[in-house]
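Trainee: I would like to go through this model one question at a time.
Mentor: Go ahead, and keep the questions specific.

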Amino acid sequence: MLTQAARLARIEPPDQPLPVFRRLRAIVDNPIKAWPRALYRDRIYRSRLLGRDIIYVMAPDLIRTVLLDDADSFEKGEVARRALGPALGDAILIADGSRWRWQRRAVAALFRQERIRDFLPDMIAAAERTRDRWQAMPPAAEIDVAHEMTQTTFDIILRTMLPGRGSIDPDLMERSVTSYLESTSWVIALAMVGAPRWTPFPGIYRRHRNRKRLHAMLESLILEARRTPGHGNDLLTHLMTATDPETGRSMDPIDVRNNLLTFITAGHETTALALTWTFYLLSLHPEIEQRVKGEIAAVTGGGPVRPEHIEALGFTNQVIQEAMRLYPPAALIVRAARRDVVLDGEQIRAGSTVYIPVYAVHRHEKLWSDPDRFDPSRFEPEAAKARDRCSYLPFGAGPRICVGQGFAQMEAAAVLATLLRSFQLELRPGYTPEPRLRVTLRPATGMPMRITGSARESRQASGN
Ligand code: HEM
């Protein structure tokens with residue numbers, strides 16, 4: 001066990017804060033590399049970068065203050081707006097105040113648990129398409145699991161949120177979204193050092209091109225939907241018809257477009273990464289993988305995965321939760337103080353950036369025993385209940401908690417169960433992925449894995 005834990009991909013924190021130039025480089029390349037060891041040990045940590053205050057908050061009681069109890073004193077702020085605003089406008093993810101509140105109300109109904117269950121057949125069908133693609137590959141083919149999972153979750157988000165909207169080219173859209181996000185770490189770095197908005201950076205033209213292409217694709221979809229309304233209960237119809245119960249106002253086409261793009265971007269890459277890191281961890285822990293496979297076989301009776309099975313996959317869900325502890329797809333939550341506040345005796349001036357470094361909180365030595373070890377038993381119901389809710393934050397907390405949390409959890413379990421039933425994935429020998437924070441926590445050079453396992457046997461068993 002110890003040897004496996006020692007091999008797990010992690011980022012070795014520097015003992016002392018890095019000098020300014022190395023910090024700036026790390027912010028563009030991989031900000032977690034600049035997080036000093038204190039973030040994994042202390043309650044709160046203050047740093048200054050080029051005259052600007054950045055406060056890192058790690059203690060669960062302080063996190064609760066920022067995200068829940070005193071949430072009104074904090075907003076998404078300039079860094080988030082600059083990084084995502086040009087593409088996502090003032091949509092739900094980055095809006096603040098009353099503009100955020102009514103957009104959240106407008107989409108909440110679509111994400112209620114009983115409604116999300118209706119999406120399960122689409123989720124399983126998409127996983128089965130990935131399974132069929134893998135089955136058609138030569139034996140022991142190597143795939144990039146990160147790419148495969150992105151394709152699968154993109155398929156799911158389009159089919160569940162925009163069913164029947166045939167005019168989208170999913171490949172082009174996926175490429176445009178990925179390419180747009182690529183350059184975002186530059187924008188974040190520039191915002192953090194207070195550089196003017198017009199400061200050029202590598203990839204700036206590609207970024208503009210992709211944003212324009214994405215907007216054009218979605219605008220034509222909205223036009224088409226206006227011409228042929230009545231597609232039913234999908235996100236697009238929901239957004240086009242939503243009205244604010246307080247003011248009676250509805251979304252204009254730009255709001256609709258920005259929210260569509262928000263759900264497409266926020267709603268697929270994160271889940272894809274949760275799955276990618278789960279496959280990685282399972283490949284290094286064969287005994288846990290066998291237990292997951294055993295549970296899937298017991299729950300499905302050896303047949304294909306069906307919607308009613310998903311909520312019975314208790315251990316499988318624990319494994320996904322533990323994977324999101326070690327590799328949280330949203331590894332950093334950012335806020336800006338709206339007014340002067342005091343946190344744990346630290347003066348935080350209005351305008352200061354407040355970071356909740358989720359990756360470090362999830363490996364904090366005061367919160368987790370043997371934090372770098374993969375151990376799904378941490379999420380047994382009793383153990384999870386005994387823990388402070390704000391020590392585990394893959395989906396955030398408080399009013400801005402991920403609206404897609406239930407969706408993502410069902411989706412991850414459905415995809416994992418469908419694929420694990422038929423395959424085993426083996427990490428390329430000697431390969432250690434580098435977790436790199438680029439808006440989300442990705443394996444820097446992908447996740448090369450070989451497909452093994454008895455696909456044909458399980459196909460026969462399922463009668464497919
Ligand atoms: C494993 C998958 C996912 C993870 C780890 C994740 C993580 C997060 C986190 C941490 C936040 C809060 C950010 C903050 O407080 O600043 C958030 C917000 C959000 N997420 Fe997710 N997410 C996932 C999947 C999804 C899915 C599937 C959807 C939609 C289908 C979605 C849509 C959103 C939206 C719209 C928000 C903004 C909510 C608001 O501000 O009111 N996410 N997500």
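Trainee: Which residue in β5 does glutamate 75 stand opposite?
Mentor: This is a predicted model. Strand β3 covers residues 74-75, and β3 pairs with β5 (residues 333-337) in the antiparallel sense over 2 bridges. In that pairing, the residue opposite glutamate 75 is alanine 336.

Trainee: Which strands stand at the edges of the sheet?
Mentor: The sheet is open, with 5 strands in the order β1-β2-β8-β5-β3 and mixed pairing. An edge strand has a single partner, so one side of it is left without a neighbour in the sheet. The strands in that position are β1 (44-49) and β3 (74-75).

Trainee: What angle does the direction of helix α3 make with that of β8?
Mentor: Helix α3 (residues 60-69) packs on the sheet. It touches β1, β2 (52-57), β3, β5 and β8 (353-356). With the direction of β8, that of α3 makes about 125 degrees.

Trainee: Are α4 and α11 parallel or oblique to each other?
Mentor: The axes of α4 (residues 77-88) and α11 (residues 204-227) come within 9 Å and cross at roughly 40 degrees. The limit for roughly parallel is under 35 degrees. The two helices are therefore oblique.

Trainee: How many residues of the contact of α4 with α11 are charged?
Mentor: Helix α4 contributes Arg82, Ala83, Pro86 and Ala87, and α11 contributes Arg207, Arg211 and His215. By class they divide into 3 nonpolar and 1 polar, and the number charged is 3.

Trainee: What is the handedness of the crossing of α8 and α19?
Mentor: The axes of α8 (residues 145-161) and α19 (residues 405-422) come within 12 Å and cross at roughly 125 degrees. That makes α8 oblique to α19. The crossing is right-handed.

Trainee: How many residues of the contact of α8 with α19 are nonpolar?
Mentor: On the α8 side the contact is made by Met149, Thr152, Thr153, Ile156, Ile157, Thr160 and Met161. On the α19 side it is made by Phe407, Glu411, Val415 and Leu419. The contact has 3 polar and 1 charged residues, and the nonpolar count is 7.

Terms used. Residues are numbered from 1 along each chain as its sequence is written. This is a predicted model: local features need pLDDT of at least 70, side-chain atom pairs count only at pLDDT 80 or more; totals for chains, interfaces and linings use all residues. Side-chain values use heavy atoms; hydrogens and water are left out. Axes are lines fitted to C-alpha atoms, for helices over the stretch in contact, and angles run from 0 to 180 degrees between N-to-C directions. Helices (H or I, at least four residues) and strands (E, at least two) are DSSP runs, numbered from the N terminus. Angles under 35 degrees count as roughly parallel, over 145 as roughly antiparallel, 65 to 115 as roughly perpendicular and the rest as oblique. Contact means heavy atoms within 4.5 Å. Ala, Val, Leu, Ile, Met, Phe, Trp, Tyr, Cys and Pro count as nonpolar, Asp, Glu, Lys and Arg as charged, and the others, Gly among them, as polar. Two strands pair if DSSP finds at least two bridges between them. A crossing is left-handed if the near helix is turned anticlockwise from the far one by less than a right angle, and right-handed if clockwise.
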